[in-house]
Amino acid sequence: MIYLLRHGETMWNTLGRYQGQLDSPLTARGIEQADCTAEFLQKEISGSQQSFQMDVSPLGRTRQTADRLTRVLPLVARDDARLMEVSVGSWDGMTKFEIDNEFPTMLDGSDAFDWYFRSPDGESFDAACARARDWLADTLLPTIAISHGLFGRLVRGVYSGLSKREMLELPVPQDGFYRLCDGEFSLVGGSAPMFA
């Protein structure tokens with residue numbers, strides 16, 4: 001059993017700035033989302049006979065979200081770099097508008113879902129999926145994982161055998177989480193906005 005969470009809203013999320021492996025802090029709303037998610041998760045696993053481990057991307061926004069969860073759940077968070085967000089290389093920290101201005105034509109023909117993997121020096125789709133596959137293969141115990149929007153899509157997609165397009169179109173809520181069990185996943189709590 002895996003519970004997969006995304007960090008709460010960050011300052012850069014509100015600005016349409018793609019964080020990649022750079023960072024910005026949670027907003028007040030992001031802290032509320034993390035607290036709400038912690039409550040949903042506590043209800044979900046209360047009374048469970050299973051012991052959970054918590055794997056967390058080492059980036060600040062996921063660590064900050066984990067800190068909110070551990071106020072409610074008595075778990076020790078372990079950093080796992082494989083859960084870090086997909087890097088778009090030199091585009092990390094930029095908006096799509098800035099990318100389009102600084103890298104003319106690179107986004108031509110792209111849409112809201114497939115532009116991430118057009119960066120000339122970013123992580124490839126196959127490499128990111130391999131990282132997700134590797135983490136899933138090593139996750140043998142019941143686990144709570146805190147990751148990111150795009151990488152969370154890939155984890156769910158690899159887990160369920162989805163196509164690239166199906167993966168990239170998955171929703172990425174910040175106020176709920178996904179239960180991964182028996183090759184399928186389902187949203188618990190929260191809403192499901194479409195964009196990272």
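A residue counts as buried under 20% relative accessible area, as exposed over 50%, and as partly exposed in between. The model toured here is predicted, and that scale applies at several of the stops below.

**First stop: Y178 and F185**

Select Y178 and F185 together. Their rings form an edge-to-face aromatic pair, with 5.7 Å from centre to centre and 80° between the planes. The two partners fall into separate classes of the scale: F185 has 24% relative accessibility and therefore counts as partly exposed, since that value lies between 20% and 50%. Y178, at 7%, counts as buried.

The arginine lies over the face of the Y178 ring, 3.9 Å from the ring centre.

**Second stop: the cavity**

Searching the whole structure gives one cavity of 30 Å³ or more. The volume of the largest cavity is about 90 Å³.

Strand β1 (2-6), helix α6 (149-160) and strand β5 (177-181) each contribute at least two residues to the lining. Helix α6 gives the most, with four residues. Coloured by residue class, the lining separates into six nonpolar, five polar and three charged residues.

The search for aromatic pairs over the whole structure returns nine. Y3 and F52 form one that is tilted, at 5.7 Å centre to centre and with 45° between the planes. Y3 belongs to strand β1, while F52 is in the loop between α2 (28-45) and β2 (53-56), so this pair ties together parts that are 49 residues apart in sequence. Both Y3 and F52 are buried.

Select Y18, W91, F103, W115 and Y116 and show their side chains. These residues are linked into a cluster by ring pairs.

Then move to F125 and K164. The charged end of K164 sits over the F125 ring, at 4.9 Å from the ring centre.

Go to helix α3 (residues 60-69), where R68 is found. Is this arginine buried or exposed? With 18% relative accessibility, R68 counts as buried, because the limit for that class is 20%. Displaying its surroundings shows contacts with I31, A34, D35 and A38, leaving aside residues up to four places away in sequence.

Most residues other than glycine have a negative phi.

T105 is not a glycine, yet its phi is positive, near 75°. Its position is in the loop between α4 (96-102) and α5 (125-138). The relative accessibility of T105 is 54%, so the residue counts as exposed.

D182, likewise not a glycine, has a positive phi of about 55°. Where is D182 found? The residue is in the loop between β5 and β6 (184-188). At 72% relative accessibility, D182 counts as exposed.

Terms used
Residues numbered from 1 in each chain as written. Predicted model: local features only at pLDDT ≥ 70, side-chain atom pairs only at ≥ 80, totals over all residues. Heavy atoms only, no water. 1 Å grid on protein atoms, 1.4 Å probe; cavity = no way out; pocket = protein on both sides within 12 Å on 5 of 7 lines; lining within 4 Å. Points joined across faces, edges and corners; volume = space filled by probe spheres on them. Nonpolar A, V, L, I, M, F, W, Y, C, P; charged D, E, K, R; others polar. Phe/Tyr/Trp six-rings, centres within 6.5 Å; stacked < 30°, edge-to-face > 60°. Buried < 20%, exposed > 50% of the residue type's maximum accessible area, 1.4 Å probe, protein only. Lys NZ or Arg CZ within 6 Å of the ring centre and 35° of its normal. Contact = heavy atoms within 4.5 Å.
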